[in-house]
Amino acid sequence: MMESIILWVLALLSAPFFSALILKVKAFFGGKKGPPLLINYYTLIKLCKKGSVYSTSTTYIFKMGPMISLCASVTVLMFLPIAGHAPIFSFRGDIIFILYLLGLGRFFTIAAAMDTASPFEGMGAAREAYFPIICEASMFMILILFYTLTSELRLAAYFTGCQPLELWLTAGSPMLFIIFSFFIVLLTENSRVPVDDPATHLELTMIHEVMVLDHSGPDFAFIEFGSFCKLFFYSTFVARLIYPFSTYNIVWDIGLFGISLVAVYAAVGVMESVMARYRMDKVPQFVLTSFALAFFAIVITLEFVK
Amino acid sequence: MIHSVDTILSLVLLSVLFAFASNRVTVLIKVIAFQGIIVSLVPLFTSSELTMGSINFILVTLAIRGIIIPLCIYLAIKKVSISKEVEPIIGYHASLFAGLLLIFAATYVSHRFNIPSVSESLLLMPTAITILVAGMFLLMARRNAIAMVLGYIMMENGIYLVGTTFSTRTHHIVEFGILLDVLAGVMIMAIMLQNIKQKFDNVDTLHLRNLKE
Amino acid sequence: MVEIVFLAPFLLGILSFFLPKETGRIFLVLTGAIHLFLSVNLWRKRPEALLPDYFSVTPEGLLSLIVISLLFFLISIYTAAYLEESKLESEKMFIGSMMLFLSTMTMVTLSDHIMVMWIAIEATTLASAPLIFTHRSKASLEATWKYVLICSVGIAMALLGTVLISLAMDVGQVNVPLSFSELSNAAKDLDPMWLKAGFVLILVGYGTKMGLAPMHTWLPDAHSEAPSPASALLSGVLLNCAYLGIFKTNKIMIAAGLNDFSGTILIVFGLMSILAAATFILKQTEYKRLLAYSSIENMGIIAFGTGIGGVGAYGAILCLIHHSLIKSSLFLTSGNILMGYGSRLIEKTGNLAKLMPKTLVAFLGGFAGISGFPPFGIFIGEMFIIVGAFRTGHYVAVVIFILSLCVIFAGFAKHVMKMSFENVEDDTDIQLEERASMIWPQYILLATSIVLFLWIPDTLFKTIIDAVSAVGGGF
Amino acid sequence: MDLFFQSLLIICLGGFSALTLWRKFYLMKVASVLSIGAGCFLGLYDAMSKMIESGQYSAKLSYLNTYSLSFRVDELSAFFLVIIFAVSLLSAFYSFHYMEDSEKSLRTGVNYFFFSLLIASMALVVTADNMIAFMLSWEIMSLSSFFLVIYNYESGENRKAGYLYFVFSHVGAMFILAAFGLMYGHSGSFAFTANLAAIPESMKILIFILAFIGFGSKAGVFPFHIWLPHAHPAAPSHISALMSGIMIKTGIYGILRVYAILGHHSLACSIIVLSVGIVTGILGVVYALGQNDIKKLLAYSSVENIGIILIGIGLGMLGMASSNPVMAVLGFSGGLLHILNHSIFKSLLFMGAGMILHKTGTRSIDLLGGLLKKMKFTGTTFLIGSIAISGLPPFNGFVSEFFIYLGGFKGVGMDKMTFTMSLLSIISLAIIGGLALACFTRVLGIVFQGEPRSEAARNVNEDGISMIVPMLILAFFCLVIGVYPKMFILMAAKAMSSLNLGFSQAPLEPFIEITGNITCAASIFFAIFLVVLALRIFLYRNKTIGSSGTWGCGFTQPTPKMQYTGSSYAASILEFFKPFAPLHENHSAIKGVFPEKTGYNSHISDIAELHLNNAVVRPVLYLFDKLRWIQHGDIHLYIGYILLAIVLLLFFV
């Protein structure tokens, strides 16, 4: 239990670091030096020191938004088996709770965006409401596959210890589909290229970044931190699937898990560097790919593997 | 064996054809009167025993069917001086042909059924059926309202004839009631005829088809 | 002394021709009251008739009689007010015919002899013809013409049918009086073929009068052209009288074990009537015709229920009673609307809710009742008929039945919505004050239906059961 | 007389008193609200105690001398009674300030009369124990709710709504009657308890389908939901709350009751229920997303929730069909709990919509905006309701969906058919959840947030204590059930015990474990929220808080008209569902260098409505139109009919 809590704290603390990796990778591809690896910490601290300016259009929901989305992300991490170690909490169906909790975070992010009466934020909110629908469907598709493989409905049952290996062994190659599917969900849910470009300067084309335009100071820090945690959460899924082993030694596990996480983040970075953003109306197709992959994985598993 | 009643009944059959072919309302009225008289007289031939009551009843029937009813219609026409054309929907030749077919069919049908008739008359049943259906034919095939009323009377005559063929069990008072009903009905129709004439200036039922759906 | 019940209104009717107008109205109500008193008395005592060959007190007859009597009384109250408002030319004729009409209908309910019944039913046609002709317009003339001619022809067929039934006795060598009760007892020995033929002719004949499709053609014309109280009488009780003839003949058929034959025919005619009603209700333009078609529908329902037998026959009798109550109330209401708006067109009427609120209550209540909503009795009647049809396995028939009821409801409701709530184009001024005597008869009729829906007195219940058990009905 | 009937009597008394007192407007309102409220309260108390004691209560009234009207309160009935009385109680109080037009005094009185009848008849529907009693209460319910729907009959739209509703409910009742008829046909008894074992299995399926169509048309199941989005907006809001909150649930009750009576656990029935539920759920929320009328939107959202409930029940039935009791229990209890939940948050939302309508006079969301600043309570409770209806933790909507999910996952491990259906249910639940989130962020965002889009939305206030308090209570329950669902899920489980599922005692342990987990998870969330809140307060201490207009991304003259509209918010999602939700746009083209003022409006159409018109109404009208010639006015042919009838019939002699 104590170890779980420590891991959770570690995860919280390291999430901004990993996100900075993406920037580094992108800088590398751009032939630049890039910001320091601790850039996100600097940003967070800087933001926390500032005060805020609120739009006259906003209400208390605008202030609730960052808090709730942060809460959701942080709470979610408590259910996540970090580095193959048992999470702090786990119960039957916790994965559903997690997905819906993230939904709650999204609800408030959108609500906060709508609060500003800004057409751009409204636009972002509409997109934020749209794309995750498909993501959620493919997440549940993946979940169904995991359930058929393990007969469990706990996140811990899929990602603790050598469980991922079990998944690989029973399902076999379809698990590759799942990795890709997860990866697409990761990109969508965290507003990365090719779904969204966090680095763009044109508000019309943004999703997540445009929704938080009016936030400032500690509020904005909450949002940033929340999104780091969220990215960490999804990356863990992929990381555990590409590194499905466990040494049953916590230090080793943390190390190897860290490496695989770095790989995932690097992949995101590479993705961002080599690809351009999709046109908005192409995005649903891209996200649907993940759904299709998960679906095929199920079909294949059930038809050929069992 | 030719029953005595068959002779006059064959005249009735002929009168049906005559009625079908005629284009004058007055002729039709005469045919109806003739039929009424014959039909009322039939029980005289068929009944096994004749009581005083039944003879009285026959006389009353004769008076109503043969005289009062035709007279009613005749007076109605007279009063309002209606055009005499019956205005057929089905032409006279076709009507005549239909009449022949009808008589044939009626004969065929009544022979098919084994009806224990009280009389041995061969023509009673066919005649009854014939004038019954002929009445309906007039109702359907003549636009003139008077011809339609006459068709109705003819039909009633037919039913009466069917009734006399075998029903001996009803009391005369009941039959008298029926007769009274028919009479009252015809009188009401006669009043209607007058009203139609007043309202529309003739008795063509072409004017009487505004109420629909 | 059964005969007094129809002789009294007959004599009073004759008398009324010689009375001045104003007295005539009071006389009418008085006659209604006397008749109601006599009928109730008859109900309680159930005496023997003076001419037992021709008249007797049968349960089904009693049911019809009491409905007729109650309805006539209420309608006469309405009529008194109606006549005051409408200023008819031929008021004397109207009042006299009403009473004669009552007398003949009473005679129908009390007659047990098949010929006498025929006489009485034909007499109702004759007595009611002047009622339809009251307005003396071209349209009313046409309606009366059609009514008299079609009904006379139809009823002539019934006469032929009765003759054929007596032929069936000859063939089967049965020698009993020509009364329905005796015939039922001896039904087994009657020749089935002639009995069937007789039944068919009687069904078509009385069916014409009852308004079964395709012989219903006179009905909408007559109902729409007659003054509303007369329409209420026609629809509320005259149709019942014709049904009584069919019902009693059907009794013979069932006693003879031919219920499959008669049942099927009744079901077919019932369905045809409902479909015909559906056809014309959907796009109807006049509300009185709408109500008339709804009567055809309900007669179809009743015929259907009778054909089903069992609990369906029970349902049919309930429908019969409640239809009389509700439909006559609706026709009286339509009289108010007609006088208020001065038009029979649905198009020209509207927004009753604001213009004639008291009438609206009666109108909507009647509509709910006639469409089979509780707390009105047709609801339970239709329910029994439907479940009864399922019980006897008439699946196809009941499916058609249900679907056409739905279509009728959709059509009917549309017109009712239009009339009740939609605005009329120009500012119509209502030419009628909603006085109590033109509202309360409807309310009482509807209230009676509600009461009878909730609770049937034992004596009434026993009578109904006596009536339906003879046609294989029950529960 | 039992307390149950006494309470109904008191409720009806309230209605009658409104009819008699209508000349004194306030006295009437006080009298009828108090009486109806008191009746509901008594009824609620009674239903609660029956629920707890789980003693079955039955009453039999002799009817028409030989029949009886029997009523029985078993656990399922008690469960529904609790919901009915609770929501009715609140909406009765809500109506006190909502019905404020003293010029329409008589109409208000009539409204209260039918309101009381509606409550009483709903209570009777869920307790009826034979066909006669059931149909009787059912039809009275339809009739009284019809009159409530056309309360504002001046508007043509409302009249159309009332008409549609009337026709649908009557046709639905006919289907139910047909189902009952089939049952009666085999058992010869009107009682629900009659022995139906003799009915062949295929006939049972037919009965179930007929009943499902009949009840489904009341519940608003696709494609029989067409009346619902018309009728619910037309009624006054407390009535909408009642109708959407509970009346449509009586349809679900009927389905459950017939299921229990038939005791028929076939795969076919469950597949029907599930697939219909899936379609209803998804299309319901898609149409909701496309609406611009806030009450219409809520009505469609009711369709969606009926879909969710059906998915739950369908999973339960699937569990029974594949003899998986745990799945059955999870599915049924989830579905039942969702009935309770939906009635809570949907009444809450309708009351909120009613408040908006009452104060602004418009239902069009694109004319509203920024209401949260003026209407604190309404806005906050509406926010809570929105979260709850989107099925998000820690509110009640999540709990029931969670159970349904668990039930669905139980079915994943089963045979192929069960697997497929479960998979479809889970995925569609996920999609419905996402769409509902989009839908309600849209309402919330457009109506309550941002800047007012019209004058009507600018000058609003919030008063009427009797309207606010019910909303607060409902919002409170949204949260309570979301955090402490144990008692409520046990209630649902208890209700399930009268479903005739074959096992005497439903396994309750998993419930207690699951509810414990939900409570625990919610507590964690709240704990973290408190920590973050503390952190936020800490970070903001002694900070300067500025205030300025929203940053317009460089645009310096923003107006409220520039805000994102409801239509644009939903446009891209609706594009995805285009075949099922065809969009109709209406705008004049911009011409010339100096174009004139132009406008744009759009709406999506309901394919069920389109097809009903094209595939049912038109052919029927056409067919009957063709038959009209038979009555052409010519007497000769009329006489011909008589002859024809005779001749034809004589052939059969």
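This is a predicted model: local features need pLDDT of at least 70, side-chain atom pairs count only at pLDDT 80 or more; totals for chains, interfaces and linings use all residues.
Is the crossing of α3(D) and α18(D) left-handed or right-handed?

**Entry 1: two helices in chain D**

I looked up helix α3 of chain D, residues 75-98, and helix α18 of chain D, residues 465-483. They pack at an angle of about 150°, and their axes are 7 Å apart. Since angles over 145 degrees count as roughly antiparallel, I wrote down that α3(D) is therefore roughly antiparallel to α18(D). Then I got my answer: the crossing of α3(D) and α18(D) is left-handed.

Next I asked myself which residues of α3(D) meet α18(D). From α3(D) I noted D:Leu90, D:Phe93, D:Tyr94, D:Phe96, D:His97 and D:Tyr98. Facing them in α18(D) are D:Ser466, D:Met467, D:Val469, D:Pro470, D:Ile473 and D:Leu474. I sorted this contact by class and found 10 nonpolar residues, 2 polar ones and no charged ones.

**Entry 2: who touches whom**

I moved on to the chains. There are 4 pairs of chains in contact, and chains A and D share the most contacts of these. Chain A does not touch chain C, and the nearest C-alpha atoms of the two are 41 Å apart. No contact joins chain A and chain B either; their closest C-alpha atoms lie 56 Å apart.

**Entry 3: chain D against chain A**

How many residues of chain D are in contact with chain A? I found 62 from chain D, and they meet 59 residues of chain A. Several elements of chain D give two or more residues to this side, including α14 (376-389), α20 (509-540) and β3 (545-548). The largest share comes from α16(D), with 13 residues. By class, I listed 39 nonpolar, 19 polar and 4 charged residues on the side of chain D that touches chain A.

I also spotted strands pairing across the two chains. Strand β1 of chain A, residues 52-55, runs parallel to β3(D), and 4 bridges join them. In this region I found A:Tyr54 opposite D:Ser547 in β3(D).

**Entry 4: chain C against chain B**

My last stop was another pair of chains. Here 31 residues of chain C are in contact with 30 residues of chain B. On the chain C side, α5 (114-132) and α6 (138-172) each supply at least two residues. Which of the elements gives the largest share? I found that α6(C) does, with 19 residues. By class, I noted 22 nonpolar, 4 polar and 5 charged residues on the side of chain C that touches chain B.

Key:
Residues are numbered from 1 along each chain as its sequence is written. Chains are lettered from A and ligands numbered from 1 in the order in which they are written. Two residues are in contact if their C-beta atoms, placed from the backbone, lie within 7 Å. Ala, Val, Leu, Ile, Met, Phe, Trp, Tyr, Cys and Pro count as nonpolar, Asp, Glu, Lys and Arg as charged, and the others, Gly among them, as polar. Two strands pair if DSSP finds at least two bridges between them. Axes are lines fitted to C-alpha atoms, for helices over the stretch in contact, and angles run from 0 to 180 degrees between N-to-C directions. Angles under 35 degrees count as roughly parallel, over 145 as roughly antiparallel, 65 to 115 as roughly perpendicular and the rest as oblique. A crossing is left-handed if the near helix is turned anticlockwise from the far one by less than a right angle, and right-handed if clockwise.
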